[in-house]
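Biologist: Could you take me closely through one part of this model, the interface between the two chains, and describe how the copies are arranged and what they bring to each other?

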There are 2 protein chains.
Amino acid sequence: MTTIEPAHPPADGRMGRDARRAARSKRGAVSIPYITRAIGVTEVLSEEGLAIIERNADTLLQEVGIEFRDHPLSIELLKGAGCDILGSRVRFPRGLARKLCATAPSEYVQHARNPARNVVVGGKNTVFAPNYGSPFVHDIDKGRRYGTLEDFQNFVKLAYACPYIHHSGGTVCEPVDLAVNKRHYEMVYAHMKYSDKGFMGSVTRPERAQDTVDMCAILFGAEFIQSNTVCTSLINANSPLVWDSTMLGSAEVYARNNQACIITPFILSGAMSPVSVAGTLTQVLAEVMAGVAFCQLVRPGAPCVFGTFVSTLSMQSGAPTFGTPEASLAIYGAGQLARRMNLPFRTGGSLCASKIPDAQAAYESAQTLVPTIWAGTNFVLHAAGWLEGGLSASYEKFVMDFDQLGAMHVLAKGVDLSENGQAMEAFHQVEPGGHFLGCAHTQSNFESAFYRSSISDTNSFEQWRDEGGKDAPTRANAIWKKTLAEYEAPALDLSVDEALRAFIDKKKASMPDASY
Amino acid sequence: MTTIEPAHPPADGRMGRDARRAARSKRGAVSIPYITRAIGVTEVLSEEGLAIIERNADTLLQEVGIEFRDHPLSIELLKGAGCDILGSRVRFPRGLARKLCATAPSEYVQHARNPARNVVVGGKNTVFAPNYGSPFVHDIDKGRRYGTLEDFQNFVKLAYACPYIHHSGGTVCEPVDLAVNKRHYEMVYAHMKYSDKGFMGSVTRPERAQDTVDMCAILFGAEFIQSNTVCTSLINANSPLVWDSTMLGSAEVYARNNQACIITPFILSGAMSPVSVAGTLTQVLAEVMAGVAFCQLVRPGAPCVFGTFVSTLSMQSGAPTFGTPEASLAIYGAGQLARRMNLPFRTGGSLCASKIPDAQAAYESAQTLVPTIWAGTNFVLHAAGWLEGGLSASYEKFVMDFDQLGAMHVLAKGVDLSENGQAMEAFHQVEPGGHFLGCAHTQSNFESAFYRSSISDTNSFEQWRDEGGKDAPTRANAIWKKTLAEYEAPALDLSVDEALRAFIDKKKASMPDASY
């Protein structure tokens with residue numbers, strides 16, 4: 001397990017110019033495995049408030065219950081565990097759901113094919129993964145259009161090249177140019193081929209989850225994956241209070257194979273939950289407990305993440321809204337609930353409703369990301385690239401968000417109180433009214449002192465104007481193009497690659513294309 | 001003293017359509033006096049860390065000392081209080097500075113000419129004031145140019161019209177079209193005439209501070225201002241470790257007259273302080289204690305605010321940088337130090353380095369504002385309009401920031417755990433798989449449920465595109481123009497207005513224009 005790495009590779013300050021240039025040119029190879037937070041958490045609920053929400057969630061599970069639809073196994077397992085069953089409605093006697101969740105680990109290692117990219121999900125760790133699920137992609141050259149496999153591969157490559165993104169993610173965009181029933185093969189393969197970071201599996205059908213597991217067996221070895229987690233996948237509730245057969249079936253496949261599930265109520269408050277933060281958190285807790293309980297019944301000890309995707313609706317238009325104060329409060333509150341369950345926590349990201357990477361996108365994203373960090377989130381999906389309520393994956397926003405993630409690495413290190421950090425020697429080197437730029441303390445901390453933004457323009461107005469007066473997305477445009485141009489794939493054992501392709505080709509040949 | 005008002009005027013939900021329309025048309029008249037925070041604070045320093053910084057600050061005050069330059073009164077007072085004096089260098093025996101600060105009040109009321117706009121600075125309250133000190137102004141029509149009195153008046157009018165801005169501020173932009181030695185008259189007059197919210201006084205010379213006090217005596221009555229604070233002014237240290245005669249002389253005038261001073265180290269870390277957060281916080285504490293001690297020696301009990309303006313430098317170019325993780329840590333840490341001194345706290349705002357109101361501006365501003373809120377800041381200068389490291393006051397950014405301030409009002413209310421907030425009735429009104437939009441709980445909370453952004457576009461892509469595909473600044477442009485077009489000045493007693501103009505005209509006629 002690794003503690004936090006400096007935002008700037010530590011060797012950098014000690015290398016000569018040539019070595020630094022060489023290191024920069026191999027930027028994709030430099031990666032920070034994940035953040036281990038040295039800062040605390042921000043809390044919005046008192047002990048009393050938490051107790052109210054937990055009591056209400058138990059009431060909800062007992063009195064209203066949760067639907068487990070079209071999935072006989074879940075009914076059977078939950079009945080056996082002591083739930084009251086009426087058709088697909090499952091009611092949990094008070095306290096039972098929480099008790100069933102107790103076998104889930106508080107943290108787990110997700111192995112990557114490059115062990116240096118393994119991530120520990122849980123505890124004081126934070127793992128950033130890119131945008132997930134967008135049917136469209138957006139860049140400032142071509143505007144908005146449907147995503148393709150090429151776009152998908154591009155985002156995988158960008159995430160691979162970005163040292164502050166720790167995980168390759170899942171459906172970084174939807175490759176709409178491929179048949180729905182065969183898409184997942186190329187998606188999972190792209191993560192395996194074009195990155196060596198951890199990834200997420202298919203959840204659109206249980207058999208596609210099984211395909212993911214089978215491909216993982218090829219990549220990691222069948223034996224390895226039975227005792228190690230190599231995949232973290234997204235299992236969304238059909239809120240309010242419904243788990244459907246697609247998600248349950250996929251969760252079942254992953255849990256049975258000891259692979260991690262992020263059990264996530266996906267809620268736009270006001271439509272899929274009550275129009276209040278406390279009511280929404282109550283529902284989140286009930287839905288998570290029910291989902292995790294099911295996974296633990298499938299395989300006690302299977303890794304589960306307490307997921308929360310909460311935003312709000314415009315009560316005027318019904319449109320989803322992001323970066324709102326209510327979403328912020330829900331993020332903090334859900335973190336508190338997750339910690340009390342001793343489960344890894346997923347929420348937030350860099351969410352926004354804007355259609356373009358403008359100021360609205362940035363305000364809303366930062367108003368989501370900052371709470372995400374201070375809520376103690378362990379797995380951050382949608383950390384980079386999210387645009388238009390998730391409908392678009394933006395190339396420029398990916399680059400801008402990535403820079404924010406770098407800043408969060410530094411924030412998470414907290415205040416350095418070492419003797420060097422206290423800097424008392426500097427005060428004896430500089431007279432009142434003098435300046436610290438040239439003093440020995442500054443010189444010896446020069447390289448690593450402050451986070452260096454890759455996107456912010458801090459030049460004078462005149463210099464900025466003379467260089468074309470570019471806005472942030474215009475600068476980001478150049479960065480993602482350069483990153484893709486310089487991309488080099490991590491080596492993949494040829495026999496493994498061939499075995500993966502053989503598996504995929506055989507599977508794809510076995511069925512006609514379908515749009516479902 | 002008022003507790004937090006709802007972000008949406010509470011009567012709104014109970015009014016008929018005509019009444020709501022009438023209320024909206026008088027928007028400038030609706031104002032929230034200030035925020036009283038129901039949320040906690042975020043902390044980045046342990047008790048041990050705080051003790052280290054406090055010990056180091058005392059060491060700094062004792063061993064290095066602070067320059068009090070060209071201001072014999074301060075030397076005399078500090079000598080009398082027990083400091084060691086060597087020329088202009090003042091060294092404080094360990095613990096003395098803190099002891100001298102103890103007479104400063106933990107909170108104070110700043111009276112406005114409209115008592116409904118009085119603000120309480122300190123405690124759990126947060127007061128938002130606009131941008132301060134920019135020589136340039138910027139809008140997307142005309143770009144960047146020097147500020148004029150008309151711009152100054154426009155920003156005063158915008159701040160007056162904005163319900164989430166509680167205070168009229170000070171040098172909202174620099175009216176460069178007026179002679180330097182006469183500018184302050186028109187600036188102070190503009191605050192008095194075009195707004196009825198509290199304001200800040202001139203600090204560019206002690207006699208200009210006195211002019212401010214004299215004008216306040218006309219507006220509020222000479223007797224009133226001797227026992228009440230009607231002005232909060234900005235006293236910046238000449239960091240590192242220097243208080244100059246301009247600032248000391250102005251502070252002296254205000255303190256002697258029981259008017260509030262924000263004692264603010266203005267620091268770009270790495271140049272004006274050591275290149276570390278802990279070292280910078282040490283210097284902040286030392287400079288604040290020295291400045292507040294002086295004010296308390298002038299008049300024990302004079303209101304003083306623990307000010308902190310900290311950002312970072314690019315160690316590559318030397319340019320100021322904003323919204324950085326180090327600045328964020330310093331904001332939180334300074335808040336902790338201020339609370340331990342039992343002083344009101346000023347920091348942060350909506351700071352950025354961008355030259356235009358783009359995504360960079362927004363990311364950096366939100367990365368400053370969110371810490372500002374969670375640090376428990378009591379007085380937030382630069383809350384709206386700041387652009388280009390403070391060199392420009394932006395019309396569009398003012399509108400966009402203002403919307404963020406509205407969101408912070410809702411955040412500060414925390415999680416509603418009332419029976420209505422818990423929303424358990426809603427779960428009995430909506431079946432699993434149903435939706436909450438139409439249920440009775442949602443209907444009864446419809447109007448006030450979620451913060452309504454004035455600037456975010458949450459429409460569908462198609463609708464947004466068909467309406468012109470506008471970015472956030474373009475929408476903001478329309479809003480500030482509409483706000484100014486609809487502006488109506490608050491009534492000002494004609495005799496008071498005439499007395500103010502007579503005072504100003506006499507003063508201006510008494511001296512030639514000067515550029516210093």
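Modeller: Contact here means heavy atoms within 4.5 Å, and on that basis, in this predicted model, the interface takes 110 residues from chain A and 110 residues from chain B. Together the two chains bury about 8900 Å², with 69% of that area on carbon and sulfur atoms; A:Lys355, A:Tyr363 and A:Phe450 supply 10% of what chain A buries against chain B, which is more than any other three residues.

As for the arrangement, chain A is superposed on chain B by a rotation of 180° with 0.0 Å of shift along its axis, at an RMSD of 0.0 Å, and the two copies are therefore related as by a two-fold rotation axis. Within chain A, the C-alpha nearest that axis belongs to A:Ala359, at 2.1 Å from it, and the same surface serves both copies, since 100% of the contact residues of chain A recur in chain B.

Turning to the polar side of the interface, 39 residue pairs are in polar contact between chain A and chain B, counting pairs with both residues at pLDDT 80 or more, and 6 salt bridges cross the interface. One salt bridge joins the side chains of A:Arg89 and B:Glu431, with 2.8 Å from N to O. Helix α12 of chain A, residues 359-374, gives the most to the side that touches chain B, contributing 10 residues, and that side of chain A, sorted by class, holds 53 nonpolar, 36 polar and 21 charged residues.

Technical notes: Residues are numbered from 1 along each chain as its sequence is written. Chains are lettered from A and ligands numbered from 1 in the order in which they are written. This is a predicted model: local features need pLDDT of at least 70, side-chain atom pairs count only at pLDDT 80 or more; totals for chains, interfaces and linings use all residues. Side-chain values use heavy atoms; hydrogens and water are left out. Copies are superposed by least squares on the C-alpha atoms of residues with pLDDT of at least 70 in both. Buried area is the accessible area (1.4 Å probe) that two parts lose on being put together, summed over both. A salt bridge is a side-chain nitrogen of Lys or Arg within 4 Å of a carboxyl oxygen of Asp or Glu. A polar contact is a pair of N or O atoms within 3.5 Å; within protein, one must be able to donate a hydrogen and the other to accept it, and residues adjacent in sequence count only if both atoms are side-chain atoms. Helices (H or I, at least four residues) and strands (E, at least two) are DSSP runs, numbered from the N terminus. Ala, Val, Leu, Ile, Met, Phe, Trp, Tyr, Cys and Pro count as nonpolar, Asp, Glu, Lys and Arg as charged, and the others, Gly among them, as polar.
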